[in-house]
Amino acid sequence: MIVQLVVAMGNRTGQIIPVSGEKFIIGRAEDCHLRPRSDLISRYHCAILVGNDVIVRDLGSRNGVHLNGEKVEAERTLKNGDKLVIGPLEFYVHIGTDGDVSTESPTDVYTSPSAATTWRDHPGEDTRTTDSSATVLLNHLKSLNQDVKTETEQPVLDFLKKFM
């Protein structure tokens, strides 16, 4: 199973963050897998647990975790296409197999316990991959609206590339 977070807003919209391992911790602490530099993120904000299901667990954060507009009180199961809000950060969740979720990721997005990358480690460096980001967003739109026709895919992809 492949689990990815796709940045939903801001100057990194479309950036893909692979969720690696069975327990992926988001927070400001040095041993977290993803370490956003924001005072609105707790040292240990939340965990994404990957097993038979994919679960988000709030680790007692001050500003909370929201799933599809609802506050996560303890933990909730994630589904493909869910909108996950962690403090000020917004992501779309992509869950799939090797064949149906993009595994291409921009540089410096990969994070691991041994070499976590913060979003401000390389200021001014554009780390987005336009084609894969636009494709992931298009796939998200398709998952929300199953009526998207094949002939509309390329114009939508071209439109999305303008904002990447």
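Student: Is Asp 58 buried or exposed, and which side chain of opposite charge is nearest?

Tutor: Buried means under 20% relative accessible area, exposed over 50%, and partly exposed in between (1.4 Å probe, protein chains only). Lys and Arg count as positive, Asp and Glu as negative, while His and the chain ends are not counted. A salt bridge requires a side-chain nitrogen of Lys or Arg within 4 Å of a carboxyl oxygen of Asp or Glu. In this predicted model, Asp 58 is buried and lacks a salt bridge; Lys 71, the nearest side chain of opposite charge, is 4.8 Å away.

Student: What does the side chain of Asp 58 reach?

Tutor: The side chain of Asp 58 reaches the backbone nitrogen of Gly 60 at 2.9 Å. Contact means heavy atoms within 4.5 Å; leaving aside residues up to four places away in sequence, Asp 58 touches His 45, Cys 46, Gly 64, Val 65, Val 72 and Ala 74.

Student: What is the order of the strands in the open sheet?

Tutor: Strands of a sheet pair through backbone hydrogen bonds, either parallel or antiparallel. Strands are DSSP runs (E, at least two residues), numbered from the N terminus, and two of them pair if DSSP finds at least two bridges between them. Here six strands follow the order E2-E1-E10-E9-E6-E7, with antiparallel pairing. Strands E2 (16-19) and E7 (70-71) each have a single partner strand, so one side of each is left without a neighbour in the sheet.

Student: How is the model to be read?

Tutor: Residues are numbered from 1 along each chain as its sequence is written. Local features need pLDDT of at least 70, side-chain atom pairs count only at pLDDT 80 or more, totals for chains, interfaces and linings use all residues, and side-chain values use heavy atoms, with hydrogens and water left out.

Technical notes. Helix = DSSP H or I, 4+ residues; strand = E, 2+ residues; numbered from the N terminus. Polar contact = N/O pair within 3.5 Å; in protein donor to acceptor, adjacent residues only side chain to side chain.
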